[in-house]
Amino acid sequence: MVYGGGWRDAGRFAKSLTRAGFLGPKIATQAVHDPRFLAEAGEDAAGWLVVSTAADPASVPSVHPFAAAYRKRFDGAPPLFAAEAYDAVGLIASCAEGLGREKLTRQDLLPALRTTSYKGVSKSYAFESANGMYTGTGVFIYRVERGRFRYIGMDGREV
């Protein structure tokens, strides 16, 4: 079963699947990658696979150095999407730096963005120069285990 709704309905749906005796695989989109889903679904969230663009700083090993630096700087754990937000700023700064000009407009950045590749702390960013389509990496797969999202990889074929 592939679920495409939000976390709140997913919690109720998980409970309904359990009551109905459904034993097949349960896969959800990024909207379910939320601690409120875990709280709402309780034990019925166990085993769900969640496909997300967010590199959870607590569970994705490549993001652990970022998470440690964040904790040191802000005295707390980074929230979900903190690494992606950091990367977005770095990507835009890299585009601006590549132009080598002191003053830029938003229109200056689009062509630069389409030709810039950027290795962020969460993933690699790249775009098709012709149409701006994203070609970088960045799908993170989690399995709900013991009431938590456990990172299990980025390659759906292997997972």
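Visitor: Let me start with Phe 81: buried, partly exposed or exposed?
Guide: Phe 81 counts as partly exposed because its relative accessibility is 34%; buried means under 20% relative accessible area, exposed over 50%, and partly exposed lies in between, with a 1.4 Å probe and protein chains only. A word on the source: this is a predicted model, where local features need pLDDT of at least 70 and side-chain atom pairs count only at pLDDT 80 or more, while totals for chains, interfaces and linings use all residues. Residues are numbered from 1 along each chain as its sequence is written, and side-chain values use heavy atoms, with hydrogens and water left out.

Visitor: Thanks! Where is Phe 81?
Guide: Phe 81 sits in the loop between α3 and α4. Helices (H or I, at least four residues) and strands (E, at least two) are DSSP runs, numbered from the N terminus. Phe 81 also has a positive phi of about 80 degrees, although it is not a glycine.

Visitor: And what about Asp 75, buried or exposed?
Guide: Asp 75 is exposed, because its relative accessible area is 74%. Asp 75 belongs to the loop between α3 (64-74) and α4, and its phi is near 55 degrees, a positive value in a residue other than glycine.

Visitor: Zooming out, how many helices and strands are there?
Guide: The protein has 5 helices and 7 strands, in the pattern β-α-β-α-β-α-α-α-β-β-β-β along the sequence. Of its 159 residues, 35% count as buried.

Visitor: What order do the strands take in the sheet?
Guide: It is an open sheet of 5 strands, ordered β1-β2-β3-β6-β7, with mixed pairing. Two strands pair if DSSP finds at least two bridges between them. The edges are β1 (2-3) and β7 (148-153), each pairing on one side only.

Visitor: In what sense do β1 and β2 pair?
Guide: β1 and β2 (residues 27-28) pair in the parallel sense over 2 bridges, and Tyr 3 has Ala 28 of β2 as its bridge partner.

Visitor: How many bridges join β6 to β7?
Guide: There are 5 bridges between β6 (residues 140-145) and β7, and these strands run antiparallel. Ile 141 stands opposite Gly 153 in β7. The hairpin of β6 and β7 has 2 residues between the strands, and Arg 146 in that hairpin takes a positive phi near 50 degrees.

Visitor: Switching to helices, at what angle do α4 and α5 cross?
Guide: The axes of α4 (residues 82-99) and α5 (residues 106-114) cross at roughly 100 degrees and come within 9 Å. That makes α4 roughly perpendicular to α5, a label for angles of 65 to 115 degrees, with under 35 roughly parallel, over 145 roughly antiparallel and the rest oblique. The axes are lines fitted to C-alpha atoms, for helices over the stretch in contact, and angles run from 0 to 180 degrees between N-to-C directions.

Visitor: Which residues make the contact?
Guide: Leu 91, Ile 92, Cys 95, Ala 96 and Leu 99 of α4 meet Asp 108, Leu 109, Ala 112 and Leu 113 of α5, where contact means heavy atoms within 4.5 Å.
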